[in-house]
Amino acid sequence: MIAQLWRLLSGLRPEGACRLTSGARMTTHSGMSDISYSEHRLASVYDTLNPAGEDTAFYLDVAGAEPRTILDMGCGTGALAVELARRSHTVTGADPAAGMMAVARGRPGGDKITWIESDAAGLDLATRFDLIFMTGHVFQVFLTDEAIAAALSNLRRHLAPNGRIVFETRNPAVRDWEDWTPAETASTVEVLGLGRVDVHYDVTGVQDQIVHYETHFGFEDGEKVIAPSRLRFVERDQLASALAEAGFSTVEWYGDWDCSAALPTSPEIIVVAG
Ligand SMILES: C[S@@+](CC[C@H](N)C(=O)[O-])C[C@H]1O[C@@H](n2cnc3c(N)ncnc32)[C@H](O)[C@@H]1O
């Protein structure tokens, strides 16, 4: 449950300093990156909460057996990137968060990947990719139309002729965030090197298409951290327009990881665009 929720909650955005619950050791965070991803200790919890799932199988299937040049944009801790490289693909993993990248670089097999610390809009590589993936709902970190346009057009620039970008965003009609309550999500996990970590999520507000929520971490040594984040839930029509404006001429849509059609009630809006 918690693993699924974490993945559901993927794609975080900064909202300022974290807060401390009373009586616990204070850790103050500020700056522009989401501390769930930029702080190494918090990023180290990610893999335990996110074992490979149906989405991983979907992306491995899209990559196929023939060796390809693949960009994993928003690669996080690099689990998919390393698995793709193990299957003989040439892989670049890019992510703006230092904590996630540190976990990725240290992962067994991480030496086979070209790691780049960059966000989607700022990426500037000479390589042109057969496939660009954005997994774990990375797309929902793009909170404005401008941010979506900047990311999509820059990623399109990095595609080889006939290349495709593949990503997913949660279907807003399903209103997943309504389950992101402390009661529904509270869990304790055991993380190698960290011990027991209590985690839960709490939605603090919904404004237009933006869901504001907090991730609460409680570490065995008494440190408590609250990471505030935001995610955008775009409609499929908006996404179709944004893809067209960014220059994508073909789009396939799926509603779930079994490649079923995108219906109004499907959990995901999965895009394969070229
Ligand atoms: C939930 S994680 C997903 C990680 C990985 N793709 C997965 O499937 O497990 C979301 C990732 O998006 C990254 N991210 C945040 N802002 C981004 C941006 N503007 N461009 C690209 N990636 C971004 C975060 O640093 C984080 O690693």
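What we have here is a predicted model, and the mean pLDDT of the protein chain is 90, with 88% of its residues reaching 70 or more.

Let me turn to the core. The largest nonpolar core holds 65 residues, and those touching the most other members are Ile-70, Met-73, Ala-81, Ile-132, Phe-133 and Phe-167. Helix α6 gives the most to this core, namely six residues. Why does the core lie between domain 1 and domain 2? It does so because both domain 1 (7–28 + 173–232) and domain 2 (54–169 + 235–273) give residues to it. If we follow Phe-167, leaving aside residues up to four places away in sequence, we find that it touches Phe-133, Met-134, Val-138, Phe-139 and Val-271.

Now to the helix, α7, which spans residues 98–106 and in which Gly-99, Met-100, Met-101, Val-103 and Ala-104 are buried. Among the elements covering these buried residues are the helices α2, α3 and α6, together with the strands β2 and β3.

Finally, consider Ile-270, which sits in strand β11, residues 268–273. Is Ile-270 buried or exposed? Ile-270 is buried, because 23 other C-beta atoms lie within 10 Å, where 20 or more are needed. Its contacts, again not counting residues up to four places away in sequence, are Glu-168, Trp-253 and Tyr-254. Trp-253 is 17 residues from Ile-270 along the chain, yet their C-alpha atoms are separated by 5.6 Å.

Methods. Residues numbered from 1 in each chain as written. Predicted model: local features only at pLDDT ≥ 70, side-chain atom pairs only at ≥ 80, totals over all residues. Buried ≥ 20, exposed ≤ 12 C-beta atoms within 10 Å, placed from the backbone. Helix = DSSP H or I, 4+ residues; strand = E, 2+ residues; numbered from the N terminus. Contact = placed C-beta atoms within 7 Å. pLDDT = per-residue confidence, 0-100. Core = buried A, V, L, I, M, F, W, Y, C linked by C-beta atoms within 7 Å. Domains from an automatic or database assignment.
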